[in-house]
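Let's take a walk through some charged side-chain pairs. Have the model open and follow along.

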Amino acid sequence: IPLHGKMAARAFHQPSFRRNLAEGGLKPFYFLSPIYYRSFEFDPEQYFELQVDQYDDQYEKHFFLQQLRMLRRFVIVTETTDLRFREFVENKLFDATLLGMAGQMAFVNSFRGMPGMGRLLMWLERQFYVTHAHDESFKNQAVSSVLTPGLGNYGYWNEGNFAREAQRMNIPVFTAITNYDNIVNMGYRGFDPACLAVWSRQMADEAVRLHGIPAKKIEITGPVQYDRFMQPLTQTREEFLRSIHLDPAKKTILFAGGVNINHYFDMYRVFMEQKERVWREPFNFVVRPYPHGKLFESPAWKMLEKMLRDEGVYISNPGSIDANGDRTAEFRVDLAFDDAPDELNFLLRYSDVMVNYFSTISLEAAICDLPTIHIGYDPYKFGIRFSMTTGFLQRQTHNRRPLRLAAARLAKNEEDLFKALESYLNDRILDHEARRVYAESECGELDGKSGSRVVNMITSRL
């Protein structure tokens with residue numbers, strides 16, 4: 001099992017999934033990204049380093065490979081890939097010649113949407129860019145199957161290389177999707193899986209329609225990483241809120257931000273400087289920052305963090321870095337060394353309302369029946385790239401789904417935000433059924449047994 005990103009680590013290294021593997025008679029060998037592997041002491045018989053550097057070196061050396069992957073990213077035409085193509089052009093616009101940029105745009109557009117183009121690109125990469133980074137490990141450990149997060153498309157290049165190495169040695173490769181937008185947003189797949197585990201019927205239909213995966217090679221298992229939300233909590237609401245120095249007698253508002261730091265300053269202005277408009281009584285305010293360097297490396301973050309703490313705001317920081325730059329605490333959460341529910345689980349169950357910018361966390365909130373408000377306006381846009389605005393987010397394929405929009409309130413301006421806050425803080429049950437329907441449409445069956453179904457998918461085909 002190669003684990004490179006946070007979602008993959010939190011899905012396939014969580015204790016419950018490791019138990020599922022053991023119960024199914026499977027022994028996992030984890031190939032960890034260097035940032036994980038080099039941060040802890042692991043059992044050398046079971047944990048190995050994923051050779052990301054070799055993959056990166058190959059990519060940097062071969063221009064044609066770069067073009068193949070760029071085309072594979074955009075060859076599936078959805079609202080999101082169209083937006084990402086425009087963002088891609090914008091990133092290069094001021095460094096390229098006008099003729100060169102026009103040529104590349106015409107080149108990509110000529111291939112997008114061509115029948116069979118994704119499969120051709122996948123075949124070319126498999127034929128001409130062979131890697132053998134893990135062959136010896138596969139042989140030495142007598143690996144009988146591989147489970148990859150993602151399909152080797154954008155954001156999952158390493159997993160795609162890993163999968164193709166296994167397939168060249170006639171090792172069957174199974175795949176499980178780790179985020180609800182991966183099928184529609186991340187471009188064409190990088191290999192043919194022995195079987196694909198998807199979350200829901202909706203996701204299965206998208207895998208058939210967009211990636212040409214035969215229905216017989218798809219199983220609906222549900223989302224493995226959300227099995228943890230089905231676990232019983234170990235603290236009551238009062239106990240948990242007191243443990244983070246908040247008052248259980250007050251309403252609790254959770255703000256989950258993205259990477260645009262301007263949004264955090266705006267929420268500070270709304271919730272700290274206009275408290276009387278937010279709610280008629282004092283309230284707890286929790287900020288959950290997005291765990292990414294784009295946010296934490298901003299010089300303004302330290303200042304904002306101090307401003308929030310001075311106002312008594314609790315910062316639930318999954319990407320916290322200590323004064324020496326040590327990210328060990330963050331990585332421990334990713335790899336789920338602790339079997340107990342994490343802080344986010346408590347916050348989603350015990351908050352009264354969540355405010356966010358169309359993030360994945362809004363699906364997690366729906367699973368936990370937490371009322372959600374999407375911010376659909378940008379009070380300050382000067383100098384901000386369109387891809388960092390709410391307008392960009394609202395045009396993405398998965399954010400336009402009717403059930404997603406019905407499960408939450410959309411604030412198009414500040415007045416809408418205050419009205420939605422008042423409605424949900426007065427009645428947390430509002431939109432309860434819409435949240436349930438939306439969660440099930442994306443995730444299928446939410447019974448805490450997704451991991452077990454993924455294991456059964458593998459064992460039934462070996």
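**Salt bridges, pair by pair**

Start with R269 and D266, whose side chains meet in a salt bridge, 2.6 Å from N to O; the term here is a side-chain nitrogen of Lys or Arg within 4 Å of a carboxyl oxygen of Asp or Glu. A quick word on provenance: this is a predicted model, where local features need pLDDT of at least 70 and side-chain atom pairs count only at pLDDT 80 or more, while totals for chains, interfaces and linings use all residues. Numbering runs from 1 along each chain as its sequence is written, and side-chain values use heavy atoms, with hydrogens and water left out.

Both R269 and D266 sit in helix α14 (residues 261-273), 3 residues apart, or about one turn of the helix. Helices (H or I, at least four residues) and strands (E, at least two) are DSSP runs, numbered from the N terminus. D266 is buried at 8% relative accessible area, while R269 is partly exposed at 28%. The cut-offs are under 20% for buried, over 50% for exposed, and partly exposed in between, with a 1.4 Å probe and protein chains only. Shared partners link D266, R269, R277, E414 and E415 into one salt-bridge network.

Now for a pair that spans more sequence. D352 bridges to R237, with the closest N and O atoms 3.4 Å apart. D352 lies in the loop between α19 (343-350) and β11 (353-356) and R237 in helix α13 (residues 237-243), so the pair ties together parts 115 residues apart in sequence. D352 is buried at 11%; R237 is partly exposed at 24%.

In total, the structure holds 34 salt bridges.
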